[in-house]
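This report goes through selected features of the structure shown below.

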Amino acid sequence: MTRPLIQYFLALVLAPLLPGIINRVKAFFGGRRGVPILQLYFDLYKLVHKTPVYSRTTTWLFRAGPVIGLAAMLCVLALLPFGGRPSFLSFEGDLILLVYLLGVARLATVLAALDTGSSFEGMGASREVQFAVFAEPAFFLALAALARGGGGLSLSGIFSNLTPAAWLTASPVLTLVTASLFIVFLAENSRVPVDDPNTHLELTMIHEVMVLDHSGPDLAFIFYGAALKLWALGSLIACVILPRHYGSWLVDSGAFILAMFFIAAAVGVVESVMGRLRLLKVPYLLMTALTFSILALIFQAGR
Amino acid sequence: MTAPLSLNHLEAAGFKSLTTLTPDEFYTSAPERLTAGGRAVSYFGLPEEGGTRLILILAFDYERRLEALSTVLNDSFRSLTPDFPQLHLFEREIAEQCDLKAEGHPWLKPVRYQLKSGLPVPPGITEFFKVRGRETHEVAVGPVHAGVIEPGHFRFQCHGELVFHLEIALGYQHRGIESRLIGGPGKLTSHYMETLAGDTTIGHASAYCRAVEALCCARVPPRAEVLRAIMLELERMANHTGDLGALAGDVAYLPTASFCGRLRGDILNMSALICGNRFGRNMVIPGGTAFDLSPALIKELKLRLDAAFRDVRDAADLLWSTSSVMARFEGTGIVSKGTAMALGLVGPAARASGVRHDVRHNFPVGIYNSKAVLSEGAPESGDVYARAYTRWLEIKRSYELVSGLLYSLPAGPIFAVPGPMKAESFVVSLEEGWRGEICHTAVTDNAGKFRHYKIKDPSFNNWQGLAMALRDGQISDFPLCNKSFNLSYCGHDL
């Protein structure tokens, strides 16, 4: 029982490192030194000490948004296996709960955004929901394809079942799932080519624009929640590309954390070498992910 | 009927030679000349005893000459905008500055900081075009923006992500420069000119100096002509480079955005090396230039220029060879050639739509008499790509010009004292700044001082082009379109 708990706290502590790694990789490509790798920790510390400012037009929905969002992410992380090792909260069917928890977080953010009555935030909310229509089935079907490989409907079960040998027998399925999950990962975490986390242009934003009105600890919750989401979706990819090795717990965990850093670096590279898609084209990208997932499921079912 | 006055660029004409048409003659003659291919470069009102004198200056680009039409009237004038959209903003400006009613103007609204019966009306307090319907919505952006940029208000009428109409309200930066110039030139005049639009310091300062020199009948020494051209082209290179970087930044393409940010600085530093100021302030003065180049400095400049250009070329090539960037640029924010001509767009924005006007080509002065400036094979698609690629071609041409000029500096002085300005005269001075055509029109009084000084920044023509580029486009493409024009707020607001 201690190990799963240590895993959980490791994830909570290490998650804010991922944006730092992405930024450092981007800075490297841009020929800059970049912000400190621990910048998000400093920002979070600074923000929780600030007094939030609330617009008079907002209601409790606006204040509840960041809290629900963060709470949902904390639950998500509790469900997720760590380096192929089961989580302390795994049960049969937690896969479905995971998808719904992500949905709850999205709903809370979107409602909080709409609550401000700002036209920018309304546009951001509309875009977020529109893209989720494509991203959610892609994500769900990718998980379904993995579940079909054995291990039932529990994430811990699926990834305990996933061994390096699976890459020899089911590599097309796993490749398609990885590709689909990576696209969903970029879209859900509002990274390039779907969104631009660094832009200051309200009219082009998706996720950033929905949180424009939040400040102080609320904003810290949002930033931390975003880091956890990055970790959560990233860890699924890490578990697929680096299945459990049955080595020691320390080695497995270390390798898993390195894989997470590698994924963050890969995001940094993607963001450095390509531009953003036109918003109209984003659904096409997500439909590609959906197609990958469906194909993976069909291949898996046919095995 | 009296014919319009035919003018030459930079030739001081006696103000008396300006034939006064009766208003009726003016309303027949002006449309006729506009239809004959005239392009309004300036249209303004001049307070006079017994009314307001309207002066319309038309450029006939292919014949390389100007025409001036003038009439005197009271209370109101007839709007020609319904037939000639290029006059739209000019007429609004006249109505505002001269307190005249523009009869029949389809969209008579304030342009800048307006005085209504003596009381100031702050900018942005106005009616906006509205689209009604259950599924339409309105988005208001500015005047305070998220980035460190100038203030302006943008009102979008949208259907989901689709923009039906964009209206732009400016005027927040109005400083009253034109009225400050009356009675000049004084000690501050050059300073006002250089800060009309800070990024176009050389462009506006040159236009002003040429106007003064024409009124003084002064001849600029050949060496100063070359120095001015070097500064003007460096300004063009620096700003276009910055724009390419900003365009890359808007589509989140990191490499070019980072490189161009630095390279713009490198080119600005070359200006600083010449005259001590990155934007070229105090370089161009009436009668010549204030700073000269030593052989050692020329060598240093050439080295820096080559290094900067090499890097700009690499950074720009990255843009054209990255498919994700091209996918964003191509087909975004299209301004057709017809629209560009009807609105009287100028500069790179017009050239990107296939309107091949360039003051350096059509009304050449100094070294431009013997140098070609227009690039062959330029795109004419009128989209963001065309505006970006046109900038790159102009960077290349400017580099070639500066490289050539650095080693062909004629010997001699850089300054010749200009004499007094002619009384009762007027002159039209055009200059191709990096954004496009700058027009300064100076009128002197009987003491040889400025009686009126009219400034037209290229942004004045081009803001309407941006509004049209967004029509039926995506609202998320606005920042990109905006960068592709990169217009000046303070140059418009004066």
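The sections below take these topics in turn.

## Basis

The structure is a predicted model. Local features are described where pLDDT is at least 70, and side-chain atom pairs count only at pLDDT 80 or more.

## Contact between chain A and chain B

On the chain A side, 23 residues are in contact with 32 residues of chain B. The size of an interface is often given as the accessible area lost when the parts come together. Between chain A and chain B the buried area is about 2200 Å², and carbon and sulfur atoms give 60% of that area. In chain A, the residues that lose the most area to chain B are A:L203, A:R276 and A:R278, which together make up 27% of what that side buries.

The two chains have 8 residue pairs in polar contact, with both residues at pLDDT 80 or more. Helix 6 (119-148) and helix 12 (249-273) of chain A each supply at least two residues of the side that touches chain B. Helix 6 of chain A gives the largest share of that side, 4 residues. By residue class, the side of chain A that touches chain B divides into 10 nonpolar, 6 polar and 7 charged residues. The count of salt bridges between chain A and chain B is 1. This salt bridge is formed by B:E161 and A:R127, whose closest N and O atoms are 2.7 Å apart.

## Salt bridges within chain A

Side chains of opposite charge can pair when their charged atoms come close. Over all chains, the count comes to 45 salt bridges. One of the pairs in chain A is A:R106 with A:E188, at 2.8 Å from N to O. A:R106 belongs to helix 5 (residues 94-115) of chain A and A:E188 to helix 9 (residues 171-188) of chain A, so the pair ties together parts that are 82 residues apart in sequence. Buried means under 20% relative accessible area. A:R106, with a relative accessible area of 9%, is therefore buried, and A:E188, with 11%, is buried as well.

A:E188 also forms a salt bridge with A:K229, and the closest N and O atoms of that pair are 3.0 Å apart. A:K229 is in helix 11 (residues 216-241) of chain A and A:E188 in helix 9 of chain A; the pair links distant parts of the chain, 41 residues apart. A:K229 counts as buried, at 13% relative accessibility.

## Salt bridges within chain B

In chain B, the side chains of B:D292 and B:R223 meet in a salt bridge, 2.9 Å from N to O. B:D292 is in the loop between strand 14 (288-289) and helix 8 (295-321) of chain B, while B:R223 is in helix 6 (residues 222-250) of chain B; the two parts of the chain are distant, 69 residues apart. B:D292 has a relative accessible area of 35% and is partly exposed, whereas B:R223 counts as buried at 11% relative accessibility.

A network of salt bridges links B:E233, B:R236, B:R351, B:D358, B:R360, B:E394 and B:E432.

## An open sheet in chain B

In chain B, 4 strands form an open sheet in the order 2-15-16-17, with antiparallel pairing. Strand 2 (13-14) and strand 17 (450-456) stand at the edges with a single partner strand each, so one side of each is left without a neighbour in the sheet.

Strand 2 of chain B is joined to strand 15 (residues 425-433) of chain B by 2 bridges, and these strands run antiparallel. B:A13 has B:F426, in strand 15 of chain B, as its bridge partner.

## A hairpin in chain B

Strand 3 (residues 39-48) of chain B is mostly covered, with 8 of its 10 residues buried. Strand 3 of chain B runs antiparallel to strand 4 (residues 51-60) of chain B, and 9 bridges join the two. Opposite B:F44 stands B:I55, in strand 4 of chain B.

The hairpin of strand 3 and strand 4 of chain B has 2 residues between the strands, and B:G50 takes a positive phi near 80° there.

## A residue pair in chain A

A:T291 is a residue of helix 13 (residues 282-302) of chain A. At 42% relative accessibility, A:T291 counts as partly exposed. A:T291 and A:L176 are separated by 115 residues in sequence and by 9.2 Å in space, C-alpha to C-alpha.

Technical notes
Residues numbered from 1 in each chain as written. Chains lettered and ligands numbered in written order. Heavy atoms only, no water. Pairing = 2+ DSSP bridges. Contact = heavy atoms within 4.5 Å. Buried area = accessible area lost by both parts, 1.4 Å probe. Salt bridge = Lys/Arg side-chain N within 4 Å of Asp/Glu carboxyl O. Polar contact = N/O pair within 3.5 Å; in protein donor to acceptor, adjacent residues only side chain to side chain. Nonpolar A, V, L, I, M, F, W, Y, C, P; charged D, E, K, R; others polar. Buried < 20%, exposed > 50% of the residue type's maximum accessible area, 1.4 Å probe, protein only.
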